[in-house]
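Q: I would like to learn how to read this structure, starting from its overall make-up. Please give the general idea each time, then the case at hand.

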Amino acid sequence: MGIVSWLIVIPFLTALAVLMTPARASRVIRWIAAIGTGVELVLTATVTWLYWQQAAADVASMRTAAFFKLYLVERVPWFETLGITYLVGVDGISVAMVILTSIIIFTGVLASWNVVERTKEFFCWLLVLVTGVFGVFLSFDLFLFFMFYEVAVLPMYLLIGIWGTGPKEYAAMKLTLMLLVGSAFVLVGMLALYHGSGMHTFDLTKLDHAKFSTDFQFWVFPCIFVGFGVIGALYPLHTWSPDGHSSAPTAVSMLHAGVLMKLGGYGAIRVAVYLLPDGAKWWAPIFLFLTTINIVYGAFGAVMQKDLKYFTAYSSVSHCGFVLFGVSTLSLMGMKGAVTQMFSHGIMTGLFFGLIGMVYGRTHTRIIPEMGGLAKVMPWLATTFYIAGLASLGLPGLSGFVAESQVFLAGFFGNPWHSLTYMQTLTVIATMSIVVTAVYVLIGLAKVFQGPIKDPHFEHLTDATWPERIATGMLVATLVVVGLVPGPFIDLIEGSLMPLVNRL
Amino acid sequence: MSGAVAALPFILRNAWLVAAIPFVSFVFVGLVLRPKVPRIAGVVATLSIFAAAGVAGGVAWEYYHLFPPGALHPAIVPFAFEWLRFMPGLTVTMGVLLDPISVLLLLVVTSVSALVHLYSIGYMHGDPGFGRFFTFLNLFTFSMLGLVIAPNILQIYVFWELVGVSSFLLIGYYYEKPSAVAASKKAFIVTRFADLGFLIGVLILGYNGYTAFGDVGPTVAREVTGRIATDLQPFDFLYLTHPDLLGRLAAPALAVGGVSLLTIAMILVFMGAAGKSAMFPLHIWLPDAMEGPTPVSALIHAATMVVAGVYLVARLFPAFAFSGDALTVVMCVGAFTSLFAAVIGCTQDDIKRVLAFSTLSQLGYMMFALGVAAMDRPAGYTASMFHLFTHAFFKALLFLGAGAVIHAVHTNSIWEMGALRRKMPITHLTFLVATLAIAGVWPLSGFFSKDEILAAALRGGHPVVFGLGLLVAALTAFYMFRIYIVVFLGRARHEHAEHAHEAPFVMWAPLALLALLSAVAGFVPFGSFVGIGAEAGHEGIDLAVAIPASTAGVLGIGLAFLLYSGDGARATAGANALGGAYRVVKRKFYVDELYLFVTHRIIFRHISRPIAWFDRHAVDGMVNLSGWTTRRTGSLLGALHGGRVQAYGVWLVGGTLFLLLVLWSAAF
Amino acid sequence: MPDILAGLGLAPGIVHWMVLTAALFAVGLYGILTRRSAVGVLMAVELLLNSAALSFVVFNHFRMPALVDGQVMAVFVIAVAAAEVVVGMAVFVALYRVSHTVDLNRLDRLKNDEVKP
């Protein structure tokens with residue numbers, strides 16, 4: 001079994017190990033989860049290094065390639081008669097996403113150190129979920145991809161329904177159902193690709209050689225793009241996000257907003273745009289319009305929110321708009337911006353939700369007006385919260401700027417197929433979000449952390465514990481490193497995005 | 001790296017050190033010293049800035065050694081590296097651009113910052129956030145230096161934002177004080193709004209620069225060969241300010257609605273500059289920013305950060321000048337702001353607010369000085385930079401002096417001070433030097449730079465601006481002496497003022513140094529150091545300008561003594577006589593109220609809230625409606641499912657029979 | 001016995017046997033649809049199974065007399081039916097313990113109009 005399969009298997013084995021531990025030994029369970037995800041982190045670093053060793057030489061040839069190149073491939077026939085293969089491997093985009101997932105799940109486990117109710121089941125489902133996520137990012141057979149996608153979506157129902165807060169059943173139901181509707185669209189699209197290609201295969205490295213007629217692409221592209229758009233919070237299909245995120249427990253919010261929402265952008269790039277370039281060209285103006293709404297509307301929506309989690313969820317809607325906006329510009333810069341934003345937003349929003357969980361664990365409220373002056377009693381949490389906030393408003397030096405600047409430039413530079421004026425107008429509208437984001441981030445954070453301490457009970461609250469410090473510190477470090485030295489990250493993803501853009 | 005650049009002196013090739021030292025210090029102080037040994041954080045931070053000042057001095061020395069005073073001063077980029085690659089052929093570099101104005105600002109920023117750091121060791125002594133304060137102060141200095149040395153417009157934007165955020169952090173330093181929190185938010189949001197314009201301007205310049213790069217780039221690249229360390233990039237200032245490119249941008253083919261694209265882009269960029277430099281109507285954040293600790297006001301909101309806007313206009317001056325209309329906008333906004341702020345400054349009671357409005361007014365001066373210049377008449381350009389130079393010293397001195405006073409009497413209101421002349425002799429003396437300098441009294445520095453500006457306005461064919469400048473000069477002298485008289489002369493108006501005592505050495509030493517600089521800075525032969533284009537700047541004193549300017553200053557001083565010496569009854573009577581007009585001025589022409597109205601009443605209430613409502617009810621309502629429909633249909637159909645197996649069986653059998661019948665009848 | 005009848009010229013053909021299995025099936029079906037007692041329903045199910053088993057044997061006899069596949073299947077059916085009765089009766093006993101009835105009309109607890117949390 002190759003190293004890439006180990007990436008998928010290790011979380012699952014960890015889940016099994018958790019399953020076999022007696023439920024009363026919650027300390028042991030936490031440590032198993034932490035060690036398992038820690039090993040995953042090490043393995044991710046190894047895979048990144050291996051990928052880099054092999055891919056660095058190929059970057060030059062990628063400039064003109066029309067097919068992406070897969071590394072560390074493992075290909076085992078599975079259902080040969082149906083054209084289903086167990087095909088896993090990595091390219092630059094999936095390496096980036098795997099790094100993101102590893103960091104988020106590791107910090108997520110640390111942030112859930114204090115889960116007391118049904119600890120065993122919680123970690124078990126969490127690890128099953130993350131197995132699915134890794135599977136999605138690593139599999140290059142559409143059937144396998146879809147299977148892992150469902151594995152990633154379904155445990156969410158239990159995780160929110162059981163360990164959530166507030167109207168959790170409603171939120172869990174809504175989230176799962178909306179995502180399933182999305183995946184139904186995706187499934188239809190995938191089956192169409194399977195038959196339409198005439199090859200009867202789900203293998204992505206073969207499907208990309210198929211010639212799909214323009215008519216076919218016209219119908220299938222929106223199917224897949226909208227299907228992934230649901231999980232990528234495409235307007236107006238985003239409403240599961242505020243409810244779902246605000247009801248979910250900390251680690252689940254982190255994982256969901258941080259990683260699962262990225263499956264949307266990832267699938268849109270990997271499947272929709274890559275396989276159906278003509279469809280993408282036809283539909284891009286419409287999706288550009290919708291994602292512009294996403295960006296501005298999410299930002300305005302966040303201004304008035306009173307609950308910290310709703311606040312962050314709306315901000316996620318706005319930031320995920322950047323991802324799909326970048327994809328819809330159909331240019332190298334836009335795609336790079338989209339992938340960077342996926343990474344950056346993943347880390348940032350993971351940090352946000354992690355911190356909200358930590359603050360909530362202390363104050364037992366998430367309502368912004370009820371808090372105040374917390375910076376005095378929890379300086380560490382306040383500092384990291386501010387760094388997350390600054391990343392979200394696109395401060396240079398943090399990763400958000402690297403992503404947003406690329407998306408804005410891509411929108412402004414346009415592409416050869418669409419009206420430049422149209423794209424530039426939309427971009428200018430989208431830039432408005434930088435002001436609105438500053439408004440809600442600063443107002444929200446100031447109310448929570450600054451000013452005099454509002455409630456005398458807050459005087460005795462404690463600052464972050466060591467697991468919490470490690471978790472938040474790691475996320476902040478990632479934001480800063482990508483923000484200050486974006487070069488390596490850009491190099492990582494650029495080579496793999498070039499073939500995609502060359503096909504257009 | 002091209003050969004010519006590699007041959008440059010060591011210190012020029014490594015001029016990045018000037019920004020890197022504060023950065024390293026920021027990281028070290030922030031991560032190590034602040035939590036562990038905050039006591040020495042101040043010393044380390046201060047030493048690092050002095051080191052940076054040393055490097056800046058070395059850079060200046062070598063630069064003017066290379067290009068002696070009086071000769072042409074070309075811009076060189078001795079160091080740059082690729083930071084972010086947008087796409088092949090479009091890369092953002094981070095690097096160092098050296099030309100007269102960046103060298104000038106390096107000197108000003110490092111020296112003022114070093115002195116302010118030193119002063120803060122005394123001023124912030126015993127504060128619980130001592131380590132945090134110096135962390136932020138180092139961050140600010142790093143960002144400001146990064147901004148100054150930026151060789152391309154995106155680097156300037158990057159550091160522009162960083163400067164904004166460090167200013168935000170420092171204004172909100174006393175984070176438990178609601179007014180400080182509000183002020184910090186206001187500062188950040190207002191400047192961010194301005195930066196929106198800047199960003200769009202950058203996008204326009206970047207896009208059109210990039211598309212024209214294939215044609216114009218090689219020409220420009222040939223011209224700058226040997227002067228830059230990397231390949232020319234479309235975002236580089238050397239490219240963006242080249243006349244060939246500007247000609248393309250100004251072409252009628254690109255005009256939008258009759259206005260050339262260049263003008264639009266430059267006005268948008270100027271919007272960013274106006275935000276940072278607090279030009280009307282984006283000035284509202286600066287007076288509130290005085291909520292920060294006083295050394296911060298001195299460093300950021302008087303001497304360095306607020307001149308970033310002026311610096312940006314100067315940096316892109318060829319583009320503004322090429323457009324012409326954009327430069328006129330700069331001039332009008334600058335001139336209006338200088339008068340507007342001076343009028344408000346006459347009525348304020350908080351010593352720091354008076355100084356803040358005075359800063360606004362002087363920034364307006366610098367702006368309109370740029371506005372009256374042109375590529376073939378660069379006197380205004382030189383004069384503006386000259387004023388920036390002298391203003392940094394005397395305004396920092398004024399703020400630090402005010403800080404010493406506030407430190408001693410624990411209040412900001414000038415009406416609770418008085419008679420501090422004897423209690424705080426050193427502070428008094430230095431404050432007086434600064435007041436005379438800003439009032440434009442010969443032979444202090446302010447006289448020379450103001451004189452240059454007024455001369456440039458007159459010669460540039462803008463008599464109205466010249467007249468306005470004279471009026472502002474008189475008002476400046478008036479309000480500065482107003483606070484001088486009230487604070488230092490007369491009798492103690494409050495018991496605090498009676499118990500005041502002189503500041504400690506670490507605080508008055510920077511005051512003394514700055515006083516010295518404020519006194520002699522005017523004698524620098526500035527025109528031979530800083531200029532643009534062919535003609536050297538205006539030299540020497542023109543009596544046709546100096547006499548009216550000095551008269552205006554003396555009139556202002558005289559009026560201040562007339563109204564405020566003694567018990568100030570005459571001033572009260574004057575204010576009462578003005579009645580409503582006085583109140584309007586005192587409330588700062590109600591601009592803040594207007595902003596509040598627009599943001600809260602219009603944007604929050606009529607945009608954000610409806611959107612939040614719409615999302616919860618309309619968009620989400622659709623989702624819930626589909627859920628409801630499904631359940632409703634389900635419960636309707638559910639009536640068929642009574643839970644009785646046998647009933648199901650009957651349906652099954654009946655259905656099968658029915659189907660069979662249908663098939664059978666179809667078969668025959 | 002079939003041999004005797006055949007000698008008398010009264011040998012039942014495949015159609016007769018089919019009518020018999022159909023009748024048996026109809027009786028079983030009627031029982032399933034109408035019996036209120038679960039045990040009765042179970043007995044009716046046995047009739048259905050028997051009718052199927054009989055069909056196996058009959059078809060085997062008439063279509064491929066040389067083989068015994070049908071008989072084998074019939075034995076399977078009997079075995080399955082026995083197992084089914086065991087499981088079914090066990091379920092009914094368990095049900096009876098809980099709800100004191102095996103009346104099918106009253107055993108509708110799986111149906112719930114409201115999804116309870």
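Q: What does the secondary structure of chain A come to?
A: Helices (H or I, at least four residues) and strands (E, at least two) are DSSP runs, numbered from the N terminus. Chain A has 21 helices and two strands. This is a predicted model, in which local features need pLDDT of at least 70, side-chain atom pairs count only at pLDDT 80 or more, and totals for chains, interfaces and linings use all residues. Residues are numbered from 1 along each chain as its sequence is written, while chains are lettered from A and ligands numbered from 1 in the order in which they are written.

Q: How is the radius of gyration of chain A read against the globule rule?
A: The radius is taken over C-alpha atoms, and the rule is 2.2 Å times the number of residues to the power 0.38. For the 504 residues of chain A the rule gives 23 Å and the radius of gyration is 21 Å, which is close, so chain A is as compact as a globular protein of that length. The C-alpha trace of chain A spans about 70 × 55 × 45 Å along its principal axes.

Q: What percentage of the residues of chain A count as buried?
A: A residue is buried if 20 or more other C-beta atoms lie within 10 Å of its own, exposed if 12 or fewer, and partly exposed in between, with C-beta atoms placed from the backbone. In chain A, 65% of the 504 residues count as buried. In helix α12(A), 26 of 26 residues are buried.

Q: Why does the span of α12 of chain A agree with its number of residues?
A: The expected span is 1.5 Å times one less than the number of residues. Helix α12 of chain A (residues 250-275) has 26 residues and should span 38 Å; its end C-alpha atoms are 36 Å apart, which agrees.

Q: Where does α12(A) bend?
A: The bend at a residue is the angle between axes fitted to the seven residues ending there and the seven starting there. In α12(A) the bend is about 35 degrees, at H256(A).

Q: How many residues does the contact take from chain A and from chain B?
A: Two residues are in contact if their C-beta atoms, placed from the backbone, lie within 7 Å. Chain A gives 41 residues and chain B gives 35 residues. On the side of chain A that touches chain B, α19(A) supplies the largest share, ten residues.

Q: In which sense do β1 and β2 of chain B pair?
A: Two strands pair if DSSP finds at least two bridges between them. Strand β1 (residues 76-87) of chain B pairs with β2(B) in the antiparallel sense over eight bridges. F79(B) has V96(B) in β2(B) as its bridge partner. The two strands form a hairpin with two residues between them, and G89(B) in the turn has a positive phi of about 90 degrees.
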